[in-house]
Amino acid sequence: MEAAAVASSSTGLRCSINPVWNPQRRSARVRLTTERQPCATTCRRLLLRPSASAYTAASAAIDSGDGYPGVSRKRLAVFVSGGGSNFRSIHEAALGGKVNGDVAVLVTDKPGCGGAEYARCNGIPVVVFPKSKSGPEGLSTDELLNVLRDLKVDFILLAGYLKLIPGELVQAYPRSMLNIHPSLLPAFGGKGYYGSKVHKAVIASGARYSGPTVHFVDEQFDTGRTLAQRVVPVLANDTPEQLAARVLHEEHQVYVEAVAALCEDRIVWREDGVPLIRSRTNPNVFN
């Protein structure tokens, strides 16, 4: 697949627009649970109710074409293994008009996790992947691909999903799958580096700075091309919990900004394969 080239005369930068994959639709023959759970106390707590003004502003911008002119609204699949706070941030941003997309499905290897519970309470279909002894209801890679195609998913977002993504899935969504990692990659990344383990390792190393990295996904853990980063200080008396909270605050912001750029087709690729985010207000400025 080739992407159209974009050249900036003022910067001399030559890039390519992030390609949009258009798969052939196939029948998944897999039943999705889309109905909301009964209105239990937990669901009332997790049900997101954006303000009427947020809905009105987002709808008006989209309907008028002022929000994202010439860019179709994208469909997103989010993968989680835990509480899914980044998933919630993305979903909330989409409902509030900050992201030109909608969460079409939640994929998880742990159907009882907080992220899956939040999805069910908000009427988002939940799919279990992969199939395992502990999760026999899980889908195979081929079945998951069929579901994503039937739901017309444009982009995949990993948000605390701890399983390695199969090569077939990576190849089916080239340059269309993002992950967020709680360190400044390539430091403190790879197999075994997740959650508090990352922050403990950062503190033990004596590093003075840390922060989240948003990167494209390849067939290894945390080795895909970096798209965006935020930096936070590592303080002298930090505990892993304190550093984690500081990093997580930045995660919620930088991931939403990266996803917004992806859904607005503002990701461009340098000739050396480095992805950049083009400014929304100035097309000649890249981050």
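Visitor: What joins strand 3 (residues 74–80) to strand 4 (residues 101–108), and do they run parallel or antiparallel?

Guide: Seven bridges join them, and the two strands run parallel. Two strands pair if DSSP finds at least two bridges between them, so strand 3 and strand 4, with seven, count as a pair. Phe79 stands opposite Val107 in strand 4. Please keep in mind that this is a predicted model, where local features need pLDDT of at least 70 and side-chain atom pairs count only at pLDDT 80 or more, while totals for chains, interfaces and linings use all residues. Residues are numbered from 1 along each chain as its sequence is written, and side-chain values use heavy atoms, with hydrogens and water left out.

Visitor: Which sheet has mixed pairing, and in what order do its strands come?

Guide: That is an open sheet of seven strands, in the order 5-4-3-6-7-9-10. Strand numbers count from the N terminus, and strands (E, at least two residues) and helices (H or I, at least four) are DSSP runs.

Visitor: What makes strand 5 (126–128) and strand 10 (226–229) edge strands?

Guide: Each of them pairs on one side only. Neighbouring strands of this sheet are turned by 25° against each other on average, direction ignored. Helix 4 (residues 114–121) packs on the sheet, touching strand 3, strand 4 and strand 5, and its direction makes about 135° with that of strand 4.

Visitor: Why is strand 7 (residues 177–181) called largely enclosed?

Guide: Buried means under 20% relative accessible area, exposed over 50%, and partly exposed in between (1.4 Å probe, protein chains only). Five of the five residues of strand 7 are buried, so the rest of the structure largely encloses this strand. In a regular strand the side chains alternate between the two faces of the sheet. Here Met177, Asn179 and His181 point one way, while Leu178 and Ile180 point the other way. Strand 7 also pairs with strand 6 (residues 155–158) in the parallel sense over three bridges, and Ile156 stands opposite Met177. Over the protein chain, 47% of the 287 residues count as buried.

Visitor: Which residues of helix 3 and helix 8 meet?

Guide: Ser85, Asn86, Ser89, Ile90 and Ala93 in helix 3 meet Leu248, Glu251, His252, Tyr255, Val256 and Val259 in helix 8.

Visitor: What makes strand 12 and strand 13 a hairpin?

Guide: Three bridges join strand 12 (residues 267–270) to strand 13 (residues 275–277), and these strands run antiparallel. Four residues lie between them, and Gly273 in the turn has a positive phi of about 85°. Val268 stands opposite Leu276 in strand 13.

Definitions and conventions: Contact means heavy atoms within 4.5 Å. Axes are lines fitted to C-alpha atoms, for helices over the stretch in contact, and angles run from 0 to 180 degrees between N-to-C directions.
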